[in-house]
Amino acid sequence: MKLAADEERMLSGESGPGIQRAMELLIAVGEAFEAERMVDISAAHILSPEMQFWNTGQLAGWSRELVEESVEGVDGFKVPTTINPIFLDPRLAERIAFPAGFIEEMQRTLAEGRQTYARLGIIPVYSCCPFYVYPARKGEHIGSAESVAVLYNNSVLGVRVNRESGPTALATALTGKTPLYGMHLSENRYARALVKLKDSLDPATFTYADYNALSYYVGGVVVNRIPVYAGLPENMSTTQLKYLCAPLGVSAGIPMMHAAGITPEAPDVETALGARQPEMVVEVGKEEISTTYEQLTSAREERINYVFLGCPHASVPEIQEIAGLLYGKKIHPDVTLIVGTSSPLHLLTREMGLVDIIEGSGGMVISGMCSAGAFLRRNVPKGYKVGVAATNAAKAAHYLKVGGVQVWFGNLRNCIDAAIKGKWEGS
Ligand code: F3S
């Protein structure tokens with residue numbers, strides 16, 4: 001790879017061993033993907049090893065020790081850097097009945113991690129949706145380890161970003177550089193599959209769950225082809241767009257989609273396809289959407305114990321909607337309703353009086369943690385029964401189902417009704 005003078009200096013060890021190691025790692029990745037050079041990034045979003053452990057049950061070569069080694073001699077991040085969820089809300093830890101020793105050990109590790117990140121100047125969003133707090137601009141390059149942030153940045157904001165691993169995202173934050181390959185290059189950003197909605201669907205009436213189901217279904221069909229959606233309403237809200245992006249991270253693993261007329265690089269379908277014919281045309285109608293609802297549901301029992309909202313982390317309008325639906329109502333005593341959001345939006349919505357409404361009805365607004373990850377059966381203490389859960393998020397339903405939790409997938413109104421009545425009555 002051709003290195004600029006500042007990159008050569010970082011590689012030489014002039015800025016300390018941590019930066020040197022970060023540059024070596026980025027060069028190794030760049031060479032593996034045949035990148036010709038590095039590019040400057042304007043921001044980074046990193047993943048803590050603790051979060052990776054909660055979500056996947058394994059550290060995959062990524063640990064707190066490795067983080068400490070990587071930041072040796074480093075004064076601070078080179079670019080504004082945000083971080084994914086990291087800790088478990090103590091109220092939930094208590095409810096899940098973790099043994100006291102375990103909670104203490106976890107809090108100690110997390111405190112160490114937070115101290116390190118604070119020293120380096122982290123922007124403490126603790127969220128998979130850093131773009132609500134610190135959005136980058138169209139055409140900028142960033143580094144990010146979170147699939148939701150990658151999908152939303154590429155698809156909605158026109159920002160250029162590859163899905164990094166924990167260690168490589170940290171290396172981008174420490175050096176302010178990333179190898180120029182993949183989604184950083186225009187030629188790799190064109191759509192290769194065209195998604196058309198059949199007449200049986202009216203996207204103007206879509207709920208968040210419908211957008212989740214559409215995206216989950218499309219991801220399963222296109223697999224590794226970037227899709228372009230034709231015919232979606234151009235006035236889609238940022239929350240609807242978040243739900244159109246997120247499920248692609250679990251059903252497909254692709255880093256971008258185009259919504260014609262919305263994605264900055266896709267004023268129309270032809271431009272999104274780079275004036276080429278699509279390799280595949282996917283038609284989606286009512287039948288495909290309802291099959292996806294069934295596919296995301298694994299519960300049979302009506303009685304429910306948990307309702308998970310805010311996966312990806314809830315936006316302000318979404319929390320307003322949830323508070324509106326719960327206003328003056330009481331959640332069933334057997335049900336724990338959890339709304340996950342980022343730390344800054346948690347503070348903001350508390351100021352707005354929304355958290356009080358949700359908590360006054362018996363729900364819980366949590367921040368800093370992944371709404372669903374802590375409830376995967378392998379993560380909860382032996383003998384604790386998560387029971388039956390309900391959610392309007394395809395990503396949460398996918399993870400919970402794979403993790404052995406019985407789950408109902410349906411729209412927000414049905415989830416709130418179920419929380420109040422203590423039982424699922426269908427979508
Ligand atoms: Fe965010 Fe956790 Fe869902 S990281 S996208 S709340 S699975």
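Biologist: Why is Tyr 208 called buried?

Modeller: This is a predicted model. Tyr 208 has a relative accessible area of 12%. Buried means under 20%, so Tyr 208 is buried.

Biologist: What makes Tyr 208 and Tyr 243 an aromatic pair, and why is the pair called tilted?

Modeller: The two ring centres lie 5.3 Å apart, and the limit for a pair is within 6.5 Å. The angle between the planes is 40 degrees. Stacked needs under 30 degrees and edge-to-face over 60, so the pair counts as tilted.

Biologist: Where in the chain do Tyr 208 and Tyr 243 sit?

Modeller: Tyr 208 is in helix α9 (residues 208-222) and Tyr 243 in helix α10 (residues 238-245). They are 35 residues apart, and the pair links distant parts of the chain.

Biologist: How do you know whether Tyr 243 is buried or exposed?

Modeller: Its relative accessible area is 0%. The cut-off for buried is under 20%, so Tyr 243 is buried.

Biologist: Why are Tyr 306 and Phe 308 called stacked?

Modeller: Their planes are at 5 degrees, with ring centres 5.7 Å apart. Stacked means under 30 degrees, with centres within 6.5 Å, so this pair is stacked. Both Tyr 306 and Phe 308 are buried.

Biologist: Why is Ile 142 called buried?

Modeller: Ile 142 has a relative accessible area of 6%. That is set against a cut-off of under 20%, so Ile 142 is buried. Ile 142 belongs to strand β4 (residues 142-144). Beyond four places in sequence, its contacts include Ile 41, Val 159 and His 184.

Conventions: Residues numbered from 1 in each chain as written. Predicted model: local features only at pLDDT ≥ 70, side-chain atom pairs only at ≥ 80, totals over all residues. Heavy atoms only, no water. Helix = DSSP H or I, 4+ residues; strand = E, 2+ residues; numbered from the N terminus. Buried < 20%, exposed > 50% of the residue type's maximum accessible area, 1.4 Å probe, protein only. Contact = heavy atoms within 4.5 Å. Phe/Tyr/Trp six-rings, centres within 6.5 Å; stacked < 30°, edge-to-face > 60°.
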